[in-house]
Structure formats: structure tokens, C-alpha cells
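Please look over the model below. The report then takes up its ligand sites and the strands beside them.

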Amino acid sequence: MRAALKTLMPRTKEIRVPIATKLVLSFLIIVVFISTIYMIVGVQLISNRIVSEAQDKVRHDLNAARELYLSNLEQINSVVRINANRFFLRDALLTGNFSEAYHELQQVRQGEGLDVLTLTDETGEVILRTSFFDHTGDNQADNELVKAVLEYNVPISSTLLVSGEELNQESPLLANQAHISFIDTPLAREREETEETAGMMLIAGAPVFDDQNDLIGVLYGGTLLNRNFGIVDKVKETVYEEVQYKGKDIGTATIFQDDVRISTNVENEDGTRALGTRVTEEVYNQVVGHGQPWIGRAYVVNDWYITAYEPIRDIAGKIIGILYVGVLEEKYNDIRQSMILTFGAITIAGVLVALIVSYFIARWILIPIFKLINASKAVASGDLNAKVEISTRDELEYLADSFNAMALALRKRDEQLKEFATQKIMASERLALIGQLSANVAHELNNPLTGIVTYSHLILEDTDPDDPKKKSLEKIVGQAIRCRDIIRGLLDFSRQRKPDKTLSNINTVMEQCLSFVENQALFLNIEITKNFQEDLPMLVLDASQIERVIMNMIINAAEAMDGDGELILTTRSTLEKDTVELEFRDTGPGISKENIEKIFDPFFTTKDVGHGTGLGLAISYGVVKAHNGIISVDSELGKGTTFTVRLPVKVTEEVPDNGNPIQNISH
Ligand SMILES: Nc1ncnc2c1ncn2[C@@H]1O[C@H](COP(=O)(O)OP(=O)(O)OP(=O)(O)O)[C@@H](O)[C@H]1O
Ligand SMILES: [Mg+2]
């Protein structure tokens, strides 16, 4: 039982992981696995959501910026259109007196914040220039806007790229204002130029008609966008409400001329406006190169922004610049980071809670198991009254019930064994008494019986063959001899004579026995095979006693086969050479299961009355035991029986008290 428990709970030096740890670990692995997936997916989903929200926002902001930009253009358009219809202009053109017109237009230009407000005649020749007094006479018919107004006779407004010379003509101040030197910008495209002298203008032109509705001139006016921050600052002010994040403007707007910032509130690191810096090549290629808007993150001067860019086109539809709005990405990055931290904190909290919960669950599961272990230990140490009380309504309760049933069964068997042992002891004491008694009786009867046999023999010899008493006398002699044999057998069995041991060769003893029986009628039809190992070690034994054992084995086999069959006799030494085995194999009927347990009992015989005393094996048992050997039997009904006698090579004289020479009785 102890050994069984040890295999149940091996106390080896291998690392033992308790079930509680395994349970808690499995719980943790599941929780960590699920939370990690939940965190990765969650963070990814929300990040994507944040990014797409931000992109939607800048797309909106770009729309707002465009509206502002166009409304500025529309404003200029209205001013020009309204003034082109005023009488003083028509009169001035018709009369050639421009002094009033100059004053009026000058007031309008200043009042409306225009940089240019110029009047041409119907050929495009400038006749009045409010931004550069006296600087007239040049022909603007090549100016794309003037050209279009002259051609279509309608008010037109547009963004226009104006060269440095043209600007110089409108006003040297404007040419100066437009001039912007490039500043090295990371990721910008390669350019040979180092400065921008042209300018980008919001410009509108309107035809002036006489009373007959004939075109007599063109009024055009506009504002230069270079270094003019009205629009971009308005975007920042209205769309982004000048909100700051970590000291930086959260939203910025820019107008690019080609790829150069000419009006912006994006700042350099020193806090000045980043005029002259340029857009990244990637954005440029998409917006200017392919005319596609850009929505996404972009590196702007010195920070990452979530941006929206769209092309600005001139009157002919050519892309001449870019309108940009963007919000600082840092804000969204921080939102995402704090979200990841929150997720992480929730995950860690979840893991901790799972740890605590799994610890308690493991304890809850393990308490009944510990009860079972303690009960098993108690049973192992002999306390068969140990009982496990578990009411978990699950497999453990079922196990506990089975355990209790097992303990009860063990208890009952224990009690039965005790009772059986007590009965056996009493029976063997009784047997010993009977044995003693029968030995005495046999001893007492031996001499008188010897007398009866001798004298009845003598009388029989002296009796005439025709005497009618002769038959009765013969029966007396026969029965007396039988009685004497029984008594002698009894004496042999009970005497327990110490063997008279000498060094003998067991093969010789076997041969000797065979020579006694070989010629007897019983053996005539029996085929005897001898497998005698030649180099057997010599044994120290009482040859006459062992002869008796061998004879009994051989005769038993022959009688079992009823004088017809095969008898195989084998002698061999074991591998260790410490034992010699004598094997008697026959092809007889075999021994039944009930009988095999009794064959070594004295007086057990299946032979007819007068044929066997049932003492042969009982005596053999005693003899082999006295030689420190063992007898085993292996039998199969219908096939045959094999008796094996094992005799030790080194004989110790002492026989253990409980030494049992019978082994391996199988069936
Ligand atoms: N080889 C065998 N095959 C079948 N049965 C056997 C064999 N050897 C012994 N037995 C059975 O065991 C019984 C007991 O044998 P044992 O030698 O003790 O007594 P016995 O042979 O009947 O009588 P005895 O030996 O005194 O003449 C036999 O009666 C027989 O039933
Ligand atoms: Mg016998």
C-alpha cells in the first residue's frame, strides 16, 4: 500500500509543479492571451478611427479654407465689377479726364485693401494705375485676365501667377513683396532655383461699357498673396480658433506658389513664419504633378501633421499653387498613447484580478483533493476507517464516494482475512494434533502389523495349495501389506527425518530412478525423453530421499497418462548457476483448478482405493523443503502437467520457519 502511494506521489528530485500553480498558470495564459489580442485589436481599431476622424476633420477644414479663399476672390470680383459700372469711370474714359477717377479708385483700392486697381482702355493699354501713379502706357492685353475680359466682355476673377517684371510694373513695392528666397526644407524636391520673384495674385477684371454698351475699357484689381497672411490667418482664427497644443498652433494653413510657401502660419523653429520653405516632394508630385488632393500625414517644415492639400489653378486651369491645411499629429499621437496606456492598465488590472480569482478557484478545487490525499495517506498507514467527506456535486465527490467504498471494501476484506487466518491457525493446530496422534498410532501399529504380515505370510507358505482357506489367507496377507504400506507412509511423512546429505550428481539419481521403472508394464507404452544437461553442478543431497521424490513424480505422470503418452525429463542449471531444476513434463489429462490446490495435502488422491495413498506429493514436499528447494506445478487440463523441482546448489542447512517450497501453482 505504501509503495502504491509512493507511485501516486513520487518523491523524486524532478521539478514538481503543484496543481494549484498549473491551474493559476493556465488561467493566466488564457487571460494574458485574450487581453493581448483585445489590446492589439482594440488599439488598432481605435487608432484607425482616430486617424480617419482626423483626416475627415482636415478634409472639412480644407473645404472651409477653400471657401475663405474663394470668398476673398469673390470680394475682389464684386469690388471690381461694381466700380467698373460706375459713371465716373465711363466718363473718364470718354472724356480722357482721369483725375476724379484716380481719386475715386485710389480710395476704393485702399478701402478694400487691394494691392492693384488698374484701368485700361479697350486695347488693354493702361491708362490709370492706382498702385503706381504715372506709370501708365504699358499694354496689358497679354495679361491673361485682361485678355479674357476683352475677349468675353464679362467680369472674370481668378488666381494668377504674375511675373516679377509685371509686378514691377504694377508697383516695385509689390515686386519686392513677392520676392521670396528658398529655405532648405527636408524631403522637398530638388530645384535649381534659389528664390521666387514671381507672385501669385487673386485678381478680378471687369469690362467698362459706354452708353451704347460698347467696350471702352477694363478695370482690374487684385491682391498679392505673397507675404499676405489675411487668408491663412483667417483660417487659423475661424477654423482652429487659434487653439494651441504644447505651445504650438494646433492648426495651420498655407498657400503655396508652385511648391514654395508664400503665405503661411506654419512656423520655423525660431517662431517666424516658414516663408520660403517648400512642400515635400511626395505631396508635390501628387497635388501638382497629378492634380490629386492629398489627405494624410505629411512632414511640414519640422513637424508631422495630418494634412490636406489641394491644387490652386489659374484662369486656364493650370496648377500654379497649393492650398494646405493641417493639424498637428502630435495631439493625436498623444491621444493614442494615452489610450494604449489606458488599455495596458486595464489589461494589467485584468491579469491581477484573474490571478487572484484563479488562486481562489484553485484553492476551492484543491481542498477536496487534499482531503483525498490525506485519506489515502491514512489508509496507506493502516487506518482503514479513514473517510472523505466531499460534497462538491462533481467528479471529485464521485471519486470520494468511490474512495470511501474502496476503504469499506478493504476494511471488510481485512476483517475476513483476520477471521480466515484465525480459522486457519485453529485448523492447523488441530491438524498438528491429529498428525501427532496419527504418528503415535502409526508407530504403535507398525510393529503389530509387521508381525501380522510376517506370520500370515508364514501361514500362507505352509498352507496346502488346495486348502479352501488359502484364498482367505492370501487376502489377509494382501490387506495386511496394504495396511503396513499406509502406516509406513504415515511414518515417513510424520517422522521429518533429517536428510542424510552427500555430494551427488542429480543426473545419476535420475538415471537410477528411470532404471527402476523403465521395464515395468506401466511404462511400456510411454515414450521417455531425457534432456539432461551434462555439466550440471554437483548437489549436496540425501539421494534416497530425492530418489523417492523423483520416483513419485515419474509414477504420478505415468499413472495420470494411464501408461500411454510422453514423459519428458529435463535437468538444467539456471543462468546464475545457483539452482538446478528437475522438470517432469507429461502429456496426461492435467489437474483441475480445485484439485491443484490440494495435491500437496496428505492423503489427497484421485486414484482408486488401493492404488494410491495420497502421500507421495506430501512427502516430496517435505523432502524438497528439507533441501531448501521448491516445487512448482504448471498444468493445463487436457494437455498435460509439468512439475518442477528446484534445488539450490549451495545448500544452507537451515530452513526458514515460513519457508514454503511450493511455488507458481498455476492452472
Ligand atoms: N502428473 C500428474 N498428472 C495428473 N495428476 C497428478 C499428477 N501427479 C499427481 N497428480 C494428482 O495428485 C494426486 C496426489 O498425488 P500424490 O503423489 O500425492 O498421491 P498418489 O499418487 O495419489 O498416491 P501415492 O503417491 O501415495 O501412490 C494424485 O492422486 C493425482 O490426482
Ligand atoms: Mg503419487
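The sections below cover the basis of the values, the metal site, the ligand shell and the strands.

## Basis

This is a predicted model, in which local features need pLDDT of at least 70, side-chain atom pairs count only at pLDDT 80 or more, and totals for chains, interfaces and linings use all residues. Residues are numbered from 1 along each chain as its sequence is written, chains are lettered from A and ligands numbered from 1 in the order in which they are written, and side-chain values use heavy atoms, with hydrogens and water left out.

## Magnesium site

Asn552 (OD1) and Asn556 (OD1) coordinate the magnesium ion, ligand 2, at 2.2 to 2.4 Å. Donors are N, O and S atoms within 2.8 Å of the metal (3.2 Å for Na, K and Ca); water is not among the atoms, so sites may look incomplete.

Asn552 and Asn556 sit four residues apart in helix 14 (residues 543-560), so about one helical turn separates them. Helices (H or I, at least four residues) and strands (E, at least two) are DSSP runs, numbered from the N terminus. Asn552 has 15% relative accessibility and counts as buried. Asn556, at 18%, also counts as buried. Buried means under 20% relative accessible area, exposed over 50%, partly exposed in between (1.4 Å probe, protein chains only).

## Shell around ligand 1

Ligand 1 is surrounded by 20 residues; the closest are Thr605, Thr606, Lys607, Thr613 and Leu617. A residue belongs here if one of its heavy atoms lies within 4 Å. Helix 14 gives the largest share, four residues. By class, the shell holds eight nonpolar, 10 polar and two charged residues. Ala, Val, Leu, Ile, Met, Phe, Trp, Tyr, Cys and Pro count as nonpolar, Asp, Glu, Lys and Arg as charged, and the others, Gly among them, as polar.

For Lys607, a polar side-chain atom lies 2.4 Å from a ligand 1 oxygen atom. Leu617 places a backbone N or O atom 2.8 Å from an oxygen atom of ligand 1. Elements giving two or more residues to the shell are helix 14, helix 16 (616-626) and strand 21 (640-648).

## Strand 21

Eight of the nine residues of strand 21 are buried, so the rest of the structure largely encloses it. Strand 21 pairs in the antiparallel sense with strand 19 (residues 579-586) over eight bridges. Pairing requires at least two DSSP bridges. Thr641 is the bridge partner of Asp586.

Strand 20 (residues 630-636) also pairs antiparallel with strand 21, over seven bridges. Strand 20 and strand 21 form a hairpin with three residues between them. Gly638 in the turn has a positive phi of about 85°.

Conventions
A polar contact is a pair of N or O atoms within 3.5 Å; within protein, one must be able to donate a hydrogen and the other to accept it, and residues adjacent in sequence count only if both atoms are side-chain atoms.
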